[in-house]
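This report goes through a few features of the structure shown below, from single residues up to whole chains. Please keep the sequence and the coordinates at hand while reading.

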Amino acid sequence: MVYRGQKLTSSWRIALLALLFAGCMVYLAMSLHRVQVVNSADLTRDQVRQSVRRVQVPGARGRIFDRNGICLADNRPSYCIAYYVEELRKRGKWQRTVDAVDADIDRLSKVIGLPREISKKRVALHVRTSLPMPLLAWRDVSEEVVARWAEEVGSFPGVDIYVQPERYYPYKTTAAHLLGYVGRDRPKPLPGQRIHFYLPEMIGKSGLEFEYNEMLTGVSGGRLIRVDARGYKNAVWEGTPAVEGDDLHLTLDIKLQLALEKALDGKKGAGVVVDPRNGEILALASAPNFDLNDFVPAPSHVTWNKLNADKALPLYNRAIQGCYAPGSTFKPVTAIAALTTGKITPDEVLHCDGVFKLGTMRLRCWNTYGHGDIVLQKAIEQSCNAFFCELGHRVGYEALRVVAADVGLGVKTGIDLPFESSGLLPTDEWKRKHMREPWRVGDTCQIAIGQSMLLTTPLQMAMLVSVLANKNSLYRPHMIARDGPGEIVREMNWPAPVIDLVRNGMHDVATKGTGRRVQIHGTEIAAKTGSAEYDSGGKRKKNTWVTAFAPFEKPTVAMAILVEDGLSGGYTVAPLIHDVMVEFFGETPVEEMDDSLNPPAVEDISD
Amino acid sequence: MRRTLITLLSITAFALLALGIIVLASASSEQSVRLYGNPHQLIYKQLIWFFLGLILAFIAQGFDYHYFKLASVSFKIGKHRFCQVPVLTIILFLIIIATLVLVYVPGIGLKVNGSRRWLDLRFFRLQPSEFAKIVMIIAMSVWLDRIGSKAKCFIKGTFLSFAILMPMAALIICQSDLGATMVICLLAVVLMVVAGVNLKFLGPLALAGAFGGVIYVISSPNRLARVEAWLAGVDSSMEQADQLRESIVAIQRGGLTGVGFTHSLQKYRYLPESHTDFVFPIGAEEFGLIFSLIVVLLFVTILICGVLISCNAPDKLGRYMAFGLTFLIVFQGMFNLMVVTGLAPTKGIALPFFSYGGTSIFSIMIAVGMLINVGRHIGERSEHNHTQRERNAIRTI
């Protein structure tokens, strides 16, 4: 092209600039290809990770039944007033949303007539951390409150009733220690999955609720939600459904439990009823107790402080945690140790003159006049202290300790309840370490009659007596019903005459000895009473025991009951055993025992 | 040649506009809901600007660009004679300066996101800096055309050219609109290069300007942080890199063929400004690499058409204006794409034809119209024609 007059000098400059441009464009196109095709895959993954959140949805908690299918722990619907913060969202800063929700809670508080349960701080925390979840402003409200809310529902957008399952214990205080209570807490994440949001899940805090928490909880489901950059949800996918928790079927018999608790009512003590044929726990109680429903959804401060301040320690499960000297209920063990080691024969006569002397030591028998000349079976029946001190002396502590350990003392029984105590079966070593004294012969004699350092739990005593009942096997006690024979911890293999003699002695205790009050009509019972003195603020008090099993020939039940601060095993505890036996065997007493209403005779007071 | 160029340019511009409307229809929905509660409100508005812009483009392509030079007066003040002073250009220049100042006047100036860049015209928000770019092209072209071969000397070619640039650049940088300032300065410098300004003078000055720009960036922690985030790369945890990270996530999500129209996820508040400066990633997410490359190709087409028009323009004024306008369109497009792909630090430069905003659409349509106008004069015998037109023009004024 020809231009006249004007000389266009700058074509090369234009060309250069245009080339520069074109180069940039090519580079840009290449970058786009790299970003969009080559690197595409990894960022897609990142992006899903960024925008998808997992909400853990708990499965319904399993229920707890007794052996006859009666429900002991159930779920009931609990009405909560929930704020769906997303519907109250305000543009701009988060604080505006928080303020709006907070003001709305105040307004609703007046309408439903309940004071606020959550602080503004809690609201702010919720908005910051779990926006897509409902904010529970009031938990477990009454139907009346729900009705008041329903009347005004139009003026409270973003508020709804949120129904969540809450634990319910139909028998209130019954088996409270055993069942335990639940709290709400952050759930455990499923393996390999993150929880972004959750509602507090029920978690067992004590008793069976604690022990079998995983089983009861079931498998949490997940709901996936997609959130936008501000955290508001814009889509929900139902993920994996939650799996309901398994129900627990206990070996417990609620009727027997009720009878046991009725017997212990008003006392401090504990009782364990066990099936000696397989170790199933039929009843296990500790008194005083508490109402489990007070712990739902959470114990109020008043309740909690009251329970903790109570000197009778109602939260303490005496049946498995309480350690007491077993007193004379230990004597069968001494007898077995003496017989199996051959330190005494069934016919050997010893003399009791009311006091056992060994060197300078004096140990008084409860019968200050002495039992005179007696044999072993009679000594069991009369619970002669002097006789058993002599036996202990003859046997020696090591042999005695082996038998005691064999029947399960000094170690945990392995029951499926948490926080079990192992009791104490002392050794020379233990005494040197804790009391800085060597073992003395006197200690052996004391332990031979179940006093001094020996400590057992009522459960251990129940298991001990069930060994005497079935003559051979120590079972692991358990709460969960299962088919097949019980789990045997140890077999004793005592010679038949030995165990028979001891059992006969215990039978005599129940028929004519110190434990006559256990008798029921139509069933023969074997029992052993006991009492152990302890020092309580300068006053001598007694922990009183009775262990028993029945029927005598083929026992189907064994039990141990302890009452703190009783008069004597025979007087205080034996009637309780009687009551429980009546419930178990269905006997109605034909006539009142002659002496049951009389003040205790001398022989009753001491075992 | 002339016809082919104009047709190709028009089709390309239309294609970009059509793509822009489609992409924005999806990209603006979230923001539209947030602002108006209606996902279509913003795209309706954009369509209005689009049609008004078409009218402006039509007017611009019919308005002979020589009038910027020829609508002039000659007068004498004392001993000094002023010959053929281009009053139209000067008036436009002064109007722009005035509006750039008006931005600071309460009542008419509008403050958005802490910046005063807008004039509130009740029904319309005007951003004078967008028009300033076009006026800068006109003024600089007229000036460089006027001085002709004297562009090589320092006073006229370099010093006075910068004197034209400076007031506008200063006013725009006062609005802390770094993107527009950069575009205007580059426009002026590029035009000077094309006009043959001595690079011995221009080079050091341009370097000094660049240095000033660096100082300006460093002086503000906010701006510095942005550049640092860009330098640190997408994977850095800096908050300022968030937008870029989300932008790249959007582009990567697109892959080869995209996730489908309206299926963008990133527009849901992940990617801020997804309807204005960061509209391209949404398009890339929904339509994939195919879309991205088509956009690049269309801008390259505009570049080729513009450069050909510039090279074949009948006179220097046409050449300068055509190149300036081409640069304006293509550079903004290219720079925006580089920003959203992380090749350049984040500056507020809208994507021509795509980004939401009346002023942006108007200025780009006017630019396209003017470019077509220059194209229409290809092949005219310049000198003779000029004198004839010159005479006519002088007579009319």
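In which helix of chain B does L52(B) lie? The model is a predicted one, and in it L52(B) belongs to helix α3 of chain B. An α-helix has 3.6 residues a turn, so residues three or four places apart point the same way.

Just after α2(B) comes G37(B), whose phi is positive, at about 75°.

Chain B also contains an open sheet of three strands in the order β3-β4-β5, with antiparallel pairing. Strands β3 (109-112) and β5 (125-126) of chain B stand at the edges with a single partner strand each, so that one side of each has no neighbour in the sheet. The antiparallel pairing of β3(B) with β4(B), residues 115-120, runs over four bridges, and within it L110(B) has W118(B) of β4(B) as its bridge partner.

Turning to cysteines, a search of the whole structure finds zero disulfides over all chains. C352(A) is accordingly in no disulfide, and the nearest cysteine sulfur, that of C384(A), is 3.5 Å away, whereas the cut-off for a disulfide is 2.5 Å. A disulfide is a covalent bond between the sulfur atoms of two cysteines. The table sets out the accessibility of two cysteines.

| Cysteine | Relative accessible area | Class |
|---|---|---|
| C352(A) | 3% | buried |
| C174(B) | 53% | exposed |

For chain A as a whole, the model has 21 helices and 22 strands, and buried residues make up 52% of its 607 residues. Of the contacts in chain A with a separation of 6 or more, 70% are between residues 24 or more positions apart. Chain A exposes about 27,300 Å², and carbon and sulfur atoms supply 53% of that area.

Terms used
Residues numbered from 1 in each chain as written. Chains lettered and ligands numbered in written order. Predicted model: local features only at pLDDT ≥ 70, side-chain atom pairs only at ≥ 80, totals over all residues. Heavy atoms only, no water. Pairing = 2+ DSSP bridges. Helix = DSSP H or I, 4+ residues; strand = E, 2+ residues; numbered from the N terminus. Buried < 20%, exposed > 50% of the residue type's maximum accessible area, 1.4 Å probe, protein only. Contact = heavy atoms within 4.5 Å. Areas by Shrake-Rupley, 256 points an atom, 1.4 Å probe, with all protein chains shown as cover.
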